[in-house]
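My entries follow in the order I made them.

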Amino acid sequence: MGQPAERESGERDSGRAAQPELPPGQRLQRGWPVTHYGPVPKFRPERWEFRVFGATADNEKRCWTHEEFAALPYTTVLADLHCVTKFSMLGAEWGGIPARTILQIAPPAPAVTHVMVWAEYGFSSNLRLADFASARTIFATHKDGELLTAEHGFPLRLVVPHLYAWKGPKWVRGVEYMTADRRGFWEERGYHNVGDPWREQRYSYQEEPGDGPEL
């Protein structure tokens with residue numbers, strides 16, 4: 001098991017001890033509320049697979065069974081989670097498989113600029129390739145040493161600590177490599193295409209030229 005990375009959050013020097021700094025408009029949350037759209041899917045390990053497809057370097061699709069995916073190198077990341085509903089959970093330890101591992105095993109074609117992360121029921125969220133490739137982006141199976149519960153995304157959720165939490169879907173089933181940006185589920189329904197909490201990029205009306213494709 002890898003060593004946890006330093007927590008990704010701003011810190012303010014109080015003269016005594018560093019105090020966590022929240023993104024604009026966020027409040028500190030004790031505990032972890034359950035937030036999602038739609039029902040909780042039933043996990044069937046014999047039917048579960050993780051796919052990487054789209055503009056891969058060799059033009060081939062790559063698939064893992066649940067057992068194969070769980071056998072990939074495990075690491076931990078100590079990072080915050082910022083929900084667009086305005087709560088922030090600080091200092092959680094996320095355990096799982098780094099997104100960079102997937103990029104190494106199933107590399108994208110040179111022209112790839114974005115990915116679409118696909119989850120159960122056809123849910124999707126788009127990310128810039130650089131955000132997906134961050135050292136802190138992780139396909140989480142555990143939080144604070146415990147397996148994720150079904151309500152929180154078991155068996156697999158993506159955590160992208162430097163973006164709002166909707167950019168990290170629960171119940172992930174695959175990644176599509178894309179050579180152009182395309183909006184995901186919430187991005188098509190009025191959420192900001194980038195979703196940086198430190199810039200308070202919550203809604204599409206806040207977008208500037210270059211932030212995303214036309215709605």
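**Asp131 and its neighbours**

I started with Asp131, which touches Thr137, Val160, His162 and Leu163 when residues up to four places away in sequence are not counted. The model is predicted. I placed Asp131 in helix 3, residues 129-132. Is Asp131 buried or exposed? I noted a relative accessible area of 7%, so Asp131 counts as buried, the cut-off being under 20%.

**Enclosed space**

I searched the whole structure and found 1 cavity of 30 Å³ or more. The largest cavity holds about 70 Å³ of space. I listed its lining, which includes Asp80, His82, Arg157, Val160, Leu163 and Gly168. Strand 6 (75-82) and strand 12 (157-159) each give at least two residues to this lining. I sorted the lining residues into 8 nonpolar, 2 polar and 2 charged.

**Aromatic rings**

I counted 15 aromatic pairs. In one of them, Phe132 and Phe139 sit edge-to-face, 5.9 Å centre to centre with 70° between the planes. Phe132 is buried at 0% relative accessible area, and Phe139 is buried at 0% too. I then checked Tyr191 and Tyr203: their ring centres are 6.0 Å apart and their planes lie at 90°, so this pair is edge-to-face. Both residues lie in the segment after strand 13 (172-178), so the pair ties together parts 12 residues apart in sequence. Tyr203 is partly exposed, at 32% relative accessibility. I also noted one aromatic cluster, with Phe123, Tyr164, Phe185, Tyr191 and Tyr203 among its members.

**Arginines over rings**

I found Arg189 over the face of Phe185, 3.7 Å from the ring centre. Arg51 lies over the face of Phe53, at 4.5 Å from the ring centre.

Note on methods:
Residues are numbered from 1 along each chain as its sequence is written. This is a predicted model: local features need pLDDT of at least 70, side-chain atom pairs count only at pLDDT 80 or more; totals for chains, interfaces and linings use all residues. Side-chain values use heavy atoms; hydrogens and water are left out. Helices (H or I, at least four residues) and strands (E, at least two) are DSSP runs, numbered from the N terminus. Buried means under 20% relative accessible area, exposed over 50%, partly exposed in between (1.4 Å probe, protein chains only). Contact means heavy atoms within 4.5 Å. On a 1 Å grid over the protein atoms alone, a cavity is a set of points where a 1.4 Å probe fits but cannot get out, and a pocket is an open set with protein on both sides within 12 Å along at least five of seven lines; lining residues have an atom within 4 Å of a point. Grid points are joined across faces, edges and corners, and a volume is the space filled by probe spheres set on the points. Ala, Val, Leu, Ile, Met, Phe, Trp, Tyr, Cys and Pro count as nonpolar, Asp, Glu, Lys and Arg as charged, and the others, Gly among them, as polar. Rings of Phe, Tyr and Trp (its six-membered ring) pair if their centres lie within 6.5 Å; planes under 30 degrees apart count as stacked, over 60 as edge-to-face and the rest as tilted. A charge sits over a ring if NZ of Lys or CZ of Arg is within 6 Å of the ring centre and within 35 degrees of the ring normal.
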